[in-house]
Amino acid sequence: MCSARLPVGFGQQVAAAGVENRAMDYLDRRIQELMSERDAHLLRASQPHGWLGITRAMRTGKLAWLFWVTWILQLVFLVIGLWAAVRFYQAAEVLAAVKWGFTGAVFLLGGLQIKLSMAPHIHAERILRELKRVEILILAQEERLRERAPAAEAGSGTDG
């Protein structure tokens, strides 16, 4: 077995992510082995949406107004930024090119920042959805235990 150390920095992060992914794959396989058919159905019914599915769900959720305001604002910034970029390339004088180039860069970066401002909310939605999946599985397990408890009590009772 090779005991060479990875250089400090990005390579170690990639290697650590690979180990984490293998661990998660193992955990996912183990969960699949241990769950019943009903649990499998519950997991399939509550599969994560992914990034596009979550943004689709955000269009109609409690914060839909925030999604639409940021989306429209981002679109406006993109259009202004692209218009300024076109004017930058059409400018004949240096001062006009600097003015339009700076304006275009500011608006394009502003639009990007507005888009990225929704990332924490998307991440929180993914975490909440996973917690709900775990809650569903726990409730299904409790229900299964309640179903077994009366049968076990009836079977263990003896007349004496």
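Accessible areas come from the Shrake-Rupley method with a 1.4 Å probe, and for residues only the protein chains shown count as cover.

Before I continue, please note that this is a predicted model, in which local features need pLDDT of at least 70 and side-chain atom pairs count only at pLDDT 80 or more, while totals for chains, interfaces and linings use all residues. Residues are numbered from 1 along each chain as its sequence is written, and side-chain values use heavy atoms, with hydrogens and water left out.

Which helix gives the largest share of the nonpolar patch? That helix is α4, with 10 residues. Helices (H or I, at least four residues) and strands (E, at least two) are DSSP runs, numbered from the N terminus. The classes are buried under 20% relative accessible area, exposed over 50%, and partly exposed in between (1.4 Å probe, protein chains only).

Helix α4 covers residues 64-90 and also holds T70. Is T70 buried or exposed? T70 is buried, with a relative accessible area of 12%. Its side chain reaches the backbone oxygen of F67 at 2.9 Å. Leaving aside residues up to four places away in sequence, T70 touches I114 and M118, where contact means heavy atoms within 4.5 Å.

I turn now to charge. The structure holds 1 salt bridge, that is, a side-chain nitrogen of Lys or Arg within 4 Å of a carboxyl oxygen of Asp or Glu. The partners are R146 and E142, at 3.7 Å from N to O. Both residues lie in helix α6 (residues 119-156), 4 residues apart, or about one turn of the helix. R146 is exposed at 54%, whereas E142 is partly exposed at 35%.

Finally, the overall picture. The protein has 6 helices and 0 strands. Of its 160 residues, 16% are buried. Among contacts between residues at least 6 apart in sequence, 71% join residues at least 24 apart. The protein exposes about 12800 Å², and carbon and sulfur atoms supply 66% of that area.

Notes: Polar contact = N/O pair within 3.5 Å; in protein donor to acceptor, adjacent residues only side chain to side chain.
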